[in-house]
Amino acid sequence: MHLSVWTYPWDIQDQGLDAFAAELTGRAGLTTVSLATSYHAGRFLQPRSPQQKAYFPEDGTVYFWPDESLWQDKVIRPLMASNVTERGDMLEALVRDRQATGLKVSCWTVCLHNSRLGMLHPAHVTRNAFGNPNYYNLCPSSPAARDYVVALVQDITTNYRPDMVELESPNFMGFAHEYHHEKDGVGLNAEDDFLLSLCFCDHCIARAAKAGVQVEGARRTVARFIAELCERAVPERQFPDFPTAGIDAFRGHSDLHAYLAWRSEPVTSLIGEIKGAADPATRIVLIDLKDGWLGGVDLAAVGKLCDGAILCCYDMTPEAVSDVIRAGRAAMGPGKFLGVGLRVFYPEVGGPMVLAARAKAAIDAGADGVNFYNYGLVPAKRLDWVKAAVDAIS
C-alpha cells in the first residue's frame, strides 16, 4: 500500500536522512516520502527543526538540478533554490538511497502556481473577465506555461527516475488561493470567488474560440456578475445550487455554460502532454480536491491520460471522505491509482482516532493509499497518530 508523507527538503536536512528514514519507516510505518521538488513561497512554523522555527522558502523555485539541455529554447525557465547548492540535492540523495532507507520516492511538484514566474511573465498568467492578471497562476492555455510544466516533469523523471510524480496545480486556481496580505472588504462567497477566478486571457480566448465557444458572450456575462457583486451592500447567493450542481448551476446562461464545459480541455490536455513526455517508469498522478471542476479538472477525462490521482480530504468527516473517494473511484475506474490526502493539523484532527477513522473510511471506499500532510509542520508526537492510522488500514 502507498503510505506517504508530504515534506520539504529542509525538513530532512534538519533531521538527517538516516534519522528521517528511520522515523518514517519505524515510528510512522510509512513506505514513501513525497518530497517538494517545485514549490512556492510561504511562512511556515517548523516545530521539528532544532533551529528554524520560522521558515520562509524562496518563491517559485525547484529543489533539484535542472538539466540545461531541456530548457534552452523555453520562454519560462525554472530557478533552482539556493537550498540545493547550500545544503545538497535531497531528491538525488533520496533516489540514490531508496534501497538503504526502504522508502520509495514521490515528487510533489507544483506546476502552475508560481508568483515569481507570473511576475516575470505576465503575458502567461490567468486573467479575470476585466483582464486583470492573477500573477500567482500561470495559465494552462498558455503555450509557454504548458512547455514549462511539461519540461519540468520530463526533467525530474528522466534525470532522477522517482517512483511517482504528484502534480499540484496543473489547472486554474481560485481567486482566494492566498497570495500575500489579501484584502477583501466585500466578503466574497464561494460563487463570487469562482467568478473572479474564471480566466479570459488571450490564450484562453483563442483556444476556446478555436473550439467554437462564444467566448465574448461568456466574458461579458461574468464581467456583469462581478460588477454586480461589487455593488451590493452585503454578499448574496445568486446560484442556489452552486457548487453541488457543477457547471449546470450556470445553465441559464448559455454562453457561460458552454465556456465552463470547454474549460477542462486545456487542463486535461496539459496533463496528457505531461504524461506523454515523462519517463514511463515514473507514475504520474494528479493532486486534486473535492469539486475539482472548479479548477477545470475533469477527473474522468484525466484518468484516461495519467496514472491516477490523490484527492485531498482535509477537515472532513469519515462519511464525507468516503463520498469523495467513491466518486473519485467511479470517475477514475478500477485500474488507476487513487490516494487520499489527509492533514494532521490541530484542531481539525484532535487525536489519533480521528485520523484513523478518516484513513479507514478512504481505504474502505476504494483508495489505494494515503498521503499525510505534513512532516515538518506538525510536532513529532503526531507521527504516532499517523502510525495509528496506518495500523487501522494495514
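Me: How do the lining residues of the largest cavity divide into nonpolar, polar and charged?

Reply: Eight are nonpolar, one is polar and one is charged. Here Ala, Val, Leu, Ile, Met, Phe, Trp, Tyr, Cys and Pro count as nonpolar, Asp, Glu, Lys and Arg as charged, and the others, Gly among them, as polar. Bear in mind that this is a predicted model, where local features need pLDDT of at least 70, side-chain atom pairs need 80 or more, and totals for chains, interfaces and linings use all residues. Residues are numbered from 1 along each chain as its sequence is written, and side-chain values use heavy atoms, leaving out hydrogens and water.

Me: Which residues line it?

Reply: Val-5, Val-344, Phe-372, Tyr-373, Asn-374, Tyr-375, Val-378, Arg-382, Leu-383 and Val-386. A cavity is a set of points on a 1 Å grid over the protein atoms alone where a 1.4 Å probe fits but cannot get out, and lining residues have an atom within 4 Å of a point. Strand 13 (369-373) and helix 16 (383-393) each give at least two of the lining residues; helices (H or I, at least four residues) and strands (E, at least two) are DSSP runs numbered from the N terminus.

Me: And what's the volume of the largest cavity?

Reply: About 50 Å³, taken as the space filled by probe spheres set on the points, which are joined across faces, edges and corners.

Me: Phe-372 is in that lining. What else does Phe-372 touch?

Reply: Beyond four places in sequence, its contacts (heavy atoms within 4.5 Å) include Ser-4, Trp-6, Leu-30, Leu-342, Leu-355 and Val-390. Phe-372 and Phe-250 also have the most contacts inside the largest nonpolar core, which has 113 residues. Such a core is a set of buried Ala, Val, Leu, Ile, Met, Phe, Trp, Tyr and Cys residues joined through side-chain atoms within 4.5 Å. Buried is under 20% relative accessible area, exposed over 50%, partly exposed in between, with a 1.4 Å probe and protein chains only.

Me: Which helix gives the largest share of this core?

Reply: Helix 7 (residues 143-160), with 10 residues.

Me: What about phi at Asp-291?

Reply: Positive, about 60°, although Asp-291 is not a glycine. Asp-291 counts as partly exposed because its relative accessible area is 27%.

How values were computed
On a 1 Å grid over the protein atoms alone, a cavity is a set of points where a 1.4 Å probe fits but cannot get out, and a pocket is an open set with protein on both sides within 12 Å along at least five of seven lines; lining residues have an atom within 4 Å of a point.
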